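Look over the model first, then read the points below.

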Amino acid sequence: MRADLGLDDGLSTQFGLWTRAALRGDLGLSMRFGTPVADMLVHALPASLKLAGASLLAGLALGMGLAVLALAAPRSPAAAAIESLNVWSIAVPTFCTGVLGILAFSIWLGWLPIRGQMLLPVLILGLDIAGQIAKPLHEELRETARAGFIRTAHAKGLSPWRIAWRHILPNSLSVVIALAGVILGGLIGGTLTMEALFGLPGLGSLTLDAIRGRDYPVIQAAVMLLATSVVVVNVATTLLHRWADPRTARRQA
């Protein structure tokens with residue numbers, strides 16, 4: 001078995017063989033099921049992407065909506081909601097919120113099934129994302145609102161809502177782009193815990209089952225995929241931020 005697994009070679013030889021195979025898309029075979037690890041990842045990834053995408057859209061919509069509402073209607077409770085969401089996203093782990101959501105909506109009220117539903121995971125992750133976005137975006141919106149072209153828009157008689165949506169928000173989106181790398185990095189970990197907690201057939205459930213079954217090729221491939229995803233997301237958001245706000249590139253130069 002050691003010879004079949006290549007464990008009788010030196011560590012450098014093993015690493016070189018594995019790297020060349022991985023670059024070709026060959027991540028080995030599952031020790032439990034004997035199926036290609038790459039195929040297992042391909043089948044699990046769509047569910048994770050679906051959960052992450054829905055959560056990101058919900059969080060962006062809620063966070064940006066609250067920030068604009070707090071700017072356009074200062075007397076509304078939106079500012080208090082932003083502060084509460086910000087504290088919530090910092091202090092309360094999504095896993096704990098998921099457990100409380102199961103207790104409240106699945107066990108006590110019986111409104112939702114415990115496993116296999118995506119509504120609660122999307123809401124929990126969306127609230128966490130909104131809490132990370134709303135406060136810095138609101139502060140950036142208030143800073144942009146002091147600019148000269150905004151005073152000109154007020155002088156033209158434009159409504160506060162139109163000024164907020166059409167003039168202030170587009171000039172403040174660089175903050176959202178700058179936070180996207182951190183948000184998406186945390187979202188990757190959040191989707192894994194939500195999948196394990198709610199029994200969703202994604203990358204998180206696959207990784208957890210592999211850890212329980214000591215299926216090392218699957219664990220290794222899943223960790224490599226997650227780490228690569230974080231690096232790619234951060235590089236992409238940095239490039240996008242430089243494109244959206246050229247001042248960033250000039251300051252770094």
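Helices here are DSSP runs of at least four residues, numbered from the N terminus. On that numbering, helix 3 gives the most to the lining of the second largest pocket, with 6 residues. The model is predicted.

**Second largest pocket**
- This pocket holds about 300 Å³ of space.
- It is lined by 16 residues, and Leu 45, Leu 49, Ala 52, Ile 188 and Ser 229 are the closest to its centre.
- Helix 3, helix 9 (173-198) and helix 11 each supply at least two lining residues.
- The lining has 12 nonpolar and 4 polar residues, and no charged ones.

**Largest pocket**
- The volume of the largest pocket is about 650 Å³.
- Its lining counts 18 residues, with Leu 5, Leu 7, Trp 18, Pro 217 and Gln 220 closest to the centre.
- Helix 2 gives the most to this lining, with 5 residues.
- By class, the lining of the largest pocket has 12 nonpolar, 4 polar and 2 charged residues.

**Nonpolar surface patch**
- Phe 105, Ile 107, Trp 108, Leu 109, Trp 111 and Ile 114 form a nonpolar patch on the surface, with about 690 Å² of accessible area together.
- Trp 111 sits in the loop between helix 5 (94-108) and helix 6 (119-144).
- Its relative accessible area is 61%, so Trp 111 is exposed.

**Single residues**
- Arg 214 lies in the loop between helix 10 (203-212) and helix 11 (216-244).
- Phi of Arg 214 is near 55°, a positive value in a residue other than glycine.
- Ala 54 belongs to helix 3 (residues 37-72).
- Ala 54 and Gly 126 are 72 residues apart in sequence, yet 8.1 Å apart in space, C-alpha to C-alpha.

Note on methods: Residues are numbered from 1 along each chain as its sequence is written. This is a predicted model: local features need pLDDT of at least 70, side-chain atom pairs count only at pLDDT 80 or more; totals for chains, interfaces and linings use all residues. Side-chain values use heavy atoms; hydrogens and water are left out. Patches are made of residues with over 30% relative accessible area and no salt bridge: like charges are joined within 9 Å, nonpolar side chains (Val, Leu, Ile, Met, Phe, Trp, Tyr) within 5 Å. Accessible areas come from the Shrake-Rupley method with a 1.4 Å probe; for residues, only the protein chains shown count as cover. A salt bridge is a side-chain nitrogen of Lys or Arg within 4 Å of a carboxyl oxygen of Asp or Glu. Buried means under 20% relative accessible area, exposed over 50%, partly exposed in between (1.4 Å probe, protein chains only). On a 1 Å grid over the protein atoms alone, a cavity is a set of points where a 1.4 Å probe fits but cannot get out, and a pocket is an open set with protein on both sides within 12 Å along at least five of seven lines; lining residues have an atom within 4 Å of a point. Grid points are joined across faces, edges and corners, and a volume is the space filled by probe spheres set on the points. Ala, Val, Leu, Ile, Met, Phe, Trp, Tyr, Cys and Pro count as nonpolar, Asp, Glu, Lys and Arg as charged, and the others, Gly among them, as polar.
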